[in-house]
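Hi,

Here is the structure I promised to pass on, with some notes below on what turned up in it. Have a look at it first, then read on.

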Amino acid sequence: MMNEQCAQSLADAWIGAWNLHDLEAILHHYAMDVEFTSPFVPALSGDPSGTLHGRERLSAYFRKGLQTYPDLHFDLIHILTGIDSLLLYYRSVNGLLAGEMMTVNGEGLIQTVRVHYVKE
């Protein structure tokens, strides 16, 4: 069960890993069979579906994202907590606001992700 303390801990570690551009630390948070959906997937991975399956494909996608946006920095704005999920609301690349809904499995790893963006 996701509580506020677990959500805060995961969010802090996740944001920290991204801001350090530490790919291994980022991937450490994801299940091997993760399903990741984002509007950036078609441009960065070439997959028009917008969805990636598995940590191996996610690794290549994240690596490309870190290379494409060398000054990438996330600023956490708010954490919303669900039953087995959380939503991170943060400022992303190019001033975009991001809402990233993550479900978490029994091992505390991110199982599914749906990312949403809006320009302010």
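The buried residues of helix α4 are Leu58, Ser59, Tyr61, Phe62, Gly65 and Leu66, where buried means under 20% relative accessible area, exposed over 50% and partly exposed in between, with a 1.4 Å probe and protein chains only. They pack against α1 (4-20), α2 (23-27), β1 (30-37), α3 (41-45) and β2 (51-53), a contact being heavy atoms within 4.5 Å. Helices (H or I, at least four residues) and strands (E, at least two) are DSSP runs, numbered from the N terminus.

Before going further: this is a predicted model, in which local features need pLDDT of at least 70 and side-chain atom pairs count only at pLDDT 80 or more, while totals for chains, interfaces and linings use all residues. Residues are numbered from 1 along each chain as its sequence is written, and side-chain values use heavy atoms, leaving out hydrogens and water.

Now for the charged pairs. The structure holds two salt bridges, each a side-chain nitrogen of Lys or Arg within 4 Å of a carboxyl oxygen of Asp or Glu.

One joins Arg114 and Glu35 (2.5 Å, N to O). Arg114 lies in strand β6 (residues 110-119) and Glu35 in strand β1, so this pair ties together parts 79 residues apart in sequence. Arg114 is partly exposed at 30% relative accessibility, and Glu35 is partly exposed at 24%.

Asp47 sits in the loop between α3 and β2, and Arg57 in helix α4, 10 residues apart. Asp47 is buried at 16%, whereas Arg57 is partly exposed at 39%.

Enjoy exploring!
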